[in-house]
Each structure stands twice: as structure tokens, then as C-alpha cells.
Amino acid sequence: MGINNVKEKTNWSTIIIGAGQAGLAAGYYLLRKRADFVIIDAGVEQVPRVVRVESGKPKLEDGRVVTVSSIVWATGFKPDFSWIDLNVADEENGWPITKRGVSPQVKGLYFIGMLFQYGLTSGLVGGVGRDAAFIVKHIHQHTNSQTMS
């Protein structure tokens, strides 16, 4: 798909929220898998930002509701999980409960770039690539298993 068609498209296999190091690392590994994805960030005007969820689907600021099977939350420098209206956070610290960035509560919800997500360097440029590769492998396996069933 050409970059010019991004604004008209409403159906991706994966949305990456955040175009920082974590989001771009996830995009790099998705591209290598030839996956269908889009990166959304406040500073990158590829598509409008996600403002809410309607019927389980992200609604963009321009009013479009898009269909995706996976969302990667690339936390960036200042993590903010307040807009996620799902029961995915630890009540004590407010951070999402994950296993290496994979949400056990919500199928298809992923996080990248969180401190100590998997190791000491998970929140740093030097470690986010390892975590992004793991998440993309999980998404790829999940997508392929759905297609085969």
C-alpha cells in the first residue's frame, strides 16, 4: 500500500501508537514481516490521533472508526495510560499488567518501552528493539494462527 492511501484506509492488522524509538522499532520488525500496519503519533500526521474507543474499535479524531486486530502502545518518554478504559492496570501503581509487553487481559493489546518490561534496558533505546521484536513475533504468530483456524 502506498503512503498516499493511509488517510483513506480504515482497516489495518496493527496500529502502533507512538512514533518514538519504541514505536519505530516495532514498525521496523512489522515491515520485515510484511505486516499491514500504521504508526500514529501526535507529532506525525499519518492519520489523526485516537480519541476514544467505539464498539471495541479505535475512533480517530476525524470521526473515522478503524478496524484493527492489534494495538501496540509505545509508551515513549512520559508514559500515560489514563485514556485506556480497560481493566489492564495494576491498582497499586497504575501501570499495565503484561507478560513481556503482552496484555493477558485484552487479546491484541501490547505495550513497548516500559521500564523493566523484560530487562533493565527495556525503556531505553538499546533494549527496546529486543522487546519490539518479541511483540512483533507474538503478533505475527497470533495473526497466522487466526488465519489458519
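Me: Why is R64 called buried?

Reply: Happy to start there! Buried means under 20% relative accessible area, exposed means over 50%, and partly exposed is in between (1.4 Å probe, protein chains only). R64 has 17% relative accessibility, so R64 counts as buried. Before we go on, please note that this is a predicted model, where local features need pLDDT of at least 70 and side-chain atom pairs count only at pLDDT 80 or more, while totals for chains, interfaces and linings use all residues. Residues are numbered from 1 along each chain as its sequence is written, and side-chain values use heavy atoms, with hydrogens and water left out.

Me: What makes the pair R64 and D62 a salt bridge?

Reply: A salt bridge is a side-chain nitrogen of Lys or Arg within 4 Å of a carboxyl oxygen of Asp or Glu. For R64 and D62 the N to O distance is 2.9 Å, so the pair meets the rule. Side chains of opposite charge can pair when their charged atoms come close. D62, at 45% relative accessibility, counts as partly exposed.

Me: How many salt bridges does this rule give?

Reply: The count comes to three. One of them joins the side chains of E54 and K59, at 2.9 Å from N to O. E54 is partly exposed at 32%, whereas K59 is buried with a relative accessible area of 18%. R130 and D131 also form a salt bridge, their closest N and O atoms being 3.1 Å apart.

Me: How do you know whether R130 and D131 are buried or partly exposed?

Reply: By setting each value against the cut-offs. R130 stands at 35% relative accessibility and so counts as partly exposed. D131 has a relative accessible area of 1%, so D131 is buried.

Me: Which helices and strands does the chain have?

Reply: The protein chain has two helices and six strands. From the N terminus on, they run β-α-β-β-β-β-β-α. Helices (H or I, at least four residues) and strands (E, at least two) are DSSP runs, numbered from the N terminus.

Me: What makes a group of residues a nonpolar core, and how many residues does the largest one have?

Reply: A nonpolar core is a set of buried Ala, Val, Leu, Ile, Met, Phe, Trp, Tyr and Cys residues joined through side-chain atoms within 4.5 Å. The largest has 16 residues, and I16, V72, Y110, I112 and I135 have the most contacts inside it. α1 (21-32), β6 (109-112) and α2 (125-148) each supply at least two residues of this core, and α2 gives the largest share, five residues. A second, separate core has 15 residues, including V66, I84, L109 and M114.

Me: How much of the whole chain is buried?

Reply: Buried residues make up 38% of the 149 residues in the protein chain.

Me: What makes S55 stand out, and why is S55 called exposed?

Reply: S55 has a positive phi of about 55° although it is not a glycine. The residue sits in the loop between β3 (50-54) and β4 (57-60).

Me: Where is F116, and why is F116 called exposed?

Reply: F116 lies in the loop between β6 and α2. F116 also has a positive phi of about 55° without being a glycine. With 59% relative accessibility, F116 is over the 50% cut-off and therefore counts as exposed.
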